[in-house]
Each structure stands twice: as structure tokens, then as C-alpha cells.
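Keep the viewer open as you read.

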Amino acid sequence: MSICKGCGAHLQSDHPELPGYTPKAGSEYCQRCFRLIHYDDLMFSMAEGIDSDVVLEGIEKRQGLIVWVADLFDFEAGMIPGMNRKLPGRDILLVCTKRDLLPDTLSNNHLSQFIFRRLNDLNTQVKGVFVTSREDEEGILELKQVIRKMAKDQPVIFMGKANSGKSTLINRIIGQEILTSSRYPGTTLDFNEIQTEDQLYIDTPGIEIRQSMLKAVKEDQLSEILPVHAVKPRVYQLHEDQCYTIGGMVQIILHKVRKATAVFYLADQVAIHRAKAENADKLWQAHYGELFVPVPQEDRFTTSKVKKTEEKTDIVIDGLGWICVSGNVQVLEVKAPVNVNVTYRKAMI
Ligand SMILES: Nc1nc2c(ncn2[C@@H]2O[C@H](COP(=O)(O)OP(=O)(O)OP(=O)(O)O)[C@@H](O)[C@H]2O)c(=O)[nH]1
Ligand SMILES: [Mg+2]
């Protein structure tokens with residue numbers, strides 16, 4: 001049985017609602033890939049249909065160099081806890097994608113310090129780290145050489161969380177648009193091998209992103225939260241307790257403020273509404289779903305409060321971005337959907 005060149009699913013002509021369906025015999029791509037590539041139309045979501053443990057087992061079983069792909073804009077969501085334990089003894093090269101989405105003010109030096117610090121914090125060992133961005137052709141050539149050298153004629157397996165840019169990266173390395181890529185998590189559906197003249201590359205389905213805003217909002221609202229170019233930091237100076245409402249997704253209240261700065265790193269199209277902290281609830285009730293949009297699919301939120309300890313702390317919301325709070329603030333309060341991870345880290349920028 002043949003395999004769809006775009007997503008790796010087994011091609012079939014019996015079940016239109018299942019992966020791999022094509023009405024045309026002899027077709028190289030399934031209907032879902034065809035519609036994604038040509039019309040940006042998602043026939044059905046596979047954000048939840050892929051078993052991450054099966055994917056990891058499949059990777060473990062295959063010999064070769066592992067290229068772990070992580071999205072720099074959504075870095076925390078791209079981490080895989082216990083990765084070295086799940087892939088014991090394997091050589092892993094970390095490729096951080098989407099450098100072009102980070103603000104230009106962030107130097108390469110600072111960025112690499114951040115990446116190594118986070119890997120260290122998470123106790124994750126890799127053989128090397130490489131950073132790529134959308135238009136950087138030279139960088140891709142260099143990466144290709146590094147990969148070939150490290151792989152020593154063995155296959156190269158690309159893995160990572162859904163949407164991190166695996167398929168896009170392989171297309172760029174081979175210099176052809178063969179694999180399907182899209183903004184919808186769960187584009188690649190099965191292991192998919194590409195044999196070039198001198199190297200075997202293996203694309204894999206994304207490891208499920210469990211607690212992310214990318215899954216909390218409806219698929220047709222993803223374009224309302226995903227950045228398309230470098231995010232412009234939005235800077236607010238504050239001298240009293242303040243509340244910031246991000247779309248209808250997150251509310252941040254900064255308590256016990258004397259003089260502080262909050263910098264938002266979110267897609268430019270995401271609206272931020274600023275108000276006095278004491279009005280937070282009233283405004284949420286009045287504007288949720290109307291002025292405050294988009295809203296998550298499920299109307300269930302949870303609030304967490306933490307003491308600010310670092311001079312500069314990032315509040316990270318998986319799939320949405322992060323907010324850097326610095327200065328004299330004592331307590332950070334965050335309301336977010338129950339199924340979205342909120343974490344705190346020493347500032348990236
Ligand atoms: N700005 C920017 N976008 C990128 C880059 N690499 C990938 N993307 C975008 O990220 C989205 C996901 O890319 P894919 O290649 O489909 O990601 P994937 O990891 O294969 O996703 P799954 O198959 O769902 O696991 C697409 O919208 C890509 O255009 C990059 O370097 N910069
Ligand atoms: Mg893919």
C-alpha cells in the first residue's frame with residue numbers, strides 16, 4: 001500500500017473521513033494534504049488523534065541521528081520532559097526554529113545563553129544546538145552539513161512537538177516542497193521517509209501539545225493568535241496595580257506595584273486591554289466574548305497567584321506567548337483557561 005507523500009498516512013479510497021483518503025487511484029497525496037496545501041483548508045483535525053507514546057516508541061526503534069525541533073516562540077511548550085530517558089543513549093541535535101518571530105532586539109549571544117540555561121534547568125542533554133529562521137538559506141546549508149556529518153550515513157529522524165516546524169525544516173533541507181506543512185497542529189500523521197541521493201530523512205508526527213492555547217481556541221481562530229512576523233514588544237509602564245486582559249483568553253493582574261514594567265510578547269493582532277486592577281472582574285463580565293475576543297472553546301478558567309522572585313520574570317502561556325514583568329511588583333495573578341499551561345521563568349529577553 002502506498003503512503004501519502006505529504007503526511008505519511010496510508011492511502012485509501014474507502015473512508016473519506018479517515019486519514020489517507022483519496023478519491024483518485026494512483027494519487028500521491030491524500031485529499032486532506034491536497035486541500036491543506038492548495039486551499040489552506042483543514043478537512044478534519046488530527047490535533048488529538050496521534051498517540052505520542054507510539055511516536056516516541058517508533059523513534060526509539062529506528063536507528064539514526066535524532067533532530068529535535070523546537071519552536072523558539074513557543075519554547076516552553078516545545079520541551080519534552082524526560083527526553084533522554086525516553087531515548088536512552090541516542091545522539092540528539094536540537095534545532096530551534098522560528099528565530100524570525102523573536103524581536104530583533106534579542107542578540108544571538110543572549111538567545112544561546114537562554115537556550116543552554118533552559119536545557120540545563122530541564123536536565124536535558126543534547127549533542128548540539130542550531131538556530132534557524134524562515135529566510136536564512138545559508139543557515140540551512142550549514143545545518144545540512146552538520147546533520148550529514150553527525151548522522152554518519154545513518155538515517156536522520158526529525159521529532160518534536162506538533163507545529164514546531166519539522167516538515168517545513170525537512171523541505172528546506174532537501175530544497176523541495178514535498179511534505180505538507182500547515183499552522184494546524186497534527187499535520188503529519190505517520191512516519192514519512194524521504195530518500196535523497198545520499199541521505200534518508202524521516203519526518204514524524206508531532207508529539208501532542210497537551211496544555212496549549214493552540215488547542216484551547218477553535219482551529220479557525222489559530223490565525224488570531226499565531227504570529228506571522230517578528231513580534232513587536234508592547235511595553236507598559238505602571239505605577240499602581242493594573243490588570244491586562246489578553247483577548248478573552250488570559251487576564252493578568254499585577255499586585256502591590258510601586259514602579260514596574262510589563263512587556264508583552266504576543267502576535268501583533270492579539271488585543272491587550274489595560275485597566276485598573278480593581279475593575280478586573282467587572283470588565284471581564286462585561287466584555288468577555290464581545291470586546292474581549294477570541295475566547296477559548298471551553299468557558300473554564302483557573303487563577304493562580306505567585307510571588308515575583310526574579311528581577312525580570314516571564315509569565316509564559318503555552319501557545320500564546322509571554323509577558324516579561326520587571327521592577328517593583330510583588331504578586332503576579334494570572335487567569336487562564338484550565339487546559340492551558342502557565343509557567344514562570346527567568347526572563348528570555
Ligand atoms: N515564522 C516561521 N514559521 C515557521 C518556521 N518553520 C515553520 N513555520 C511555520 O510553522 C507552522 C508549522 O510547520 P510544520 O512544518 O507543519 O510543523 P510540524 O512540526 O511538521 O507540525 P506537525 O506535523 O503538526 O507536527 C507552519 O505554519 C509553518 O509555516 C520558521 O522558521 N519561521
Ligand atoms: Mg509535520
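In this predicted model, 9 residues of domain 1 are in contact with 12 residues of domain 2, contact meaning heavy atoms within 4.5 Å. Domain 1 runs over 45-207 and domain 2 over 234-346, with bounds that come from an automatic or database domain assignment. Their C-alpha centres sit 30 Å apart. Put together, domain 1 and domain 2 bury about 750 Å², with carbon and sulfur atoms giving 64% of that; buried area here is the accessible area (1.4 Å probe) that two parts lose on being put together, summed over both. On the domain 1 side, Phe73, Glu76 and Arg117 lose the most area to domain 2, together 56% of what that side buries.

The interface of these two domains has 1 salt bridge, a term that asks for a side-chain nitrogen of Lys or Arg within 4 Å of a carboxyl oxygen of Asp or Glu. Glutamate 76 also makes a salt bridge with arginine 345, with the closest N and O atoms 2.8 Å apart.

A quick note on ground rules: residues are numbered from 1 along each chain as its sequence is written, while chains are lettered from A and ligands numbered from 1 in the order in which they are written. Local features need pLDDT of at least 70 and side-chain atom pairs pLDDT 80 or more, whereas totals for chains, interfaces and linings use all residues; side-chain values use heavy atoms, leaving out hydrogens and water.

Helices (H or I, at least four residues) and strands (E, at least two) are DSSP runs, numbered from the N terminus.

Some buried residues, buried being under 20% relative accessible area, exposed over 50% and partly exposed in between (1.4 Å probe, protein chains only):

| Residue | Relative accessible area |
|---|---|
| Serine 167 | 7% |
| Threonine 188 | 4% |
| Cysteine 4 | 0% |
| Cysteine 30 | 1% |

Helix 7 is mostly covered, with 7 of its 9 residues buried.

As for disulfides (cysteine sulfur atoms within 2.5 Å), the whole structure has 0. Cysteine 4 has its closest cysteine sulfur in cysteine 33, and at 3.7 Å that is too far for a bond.
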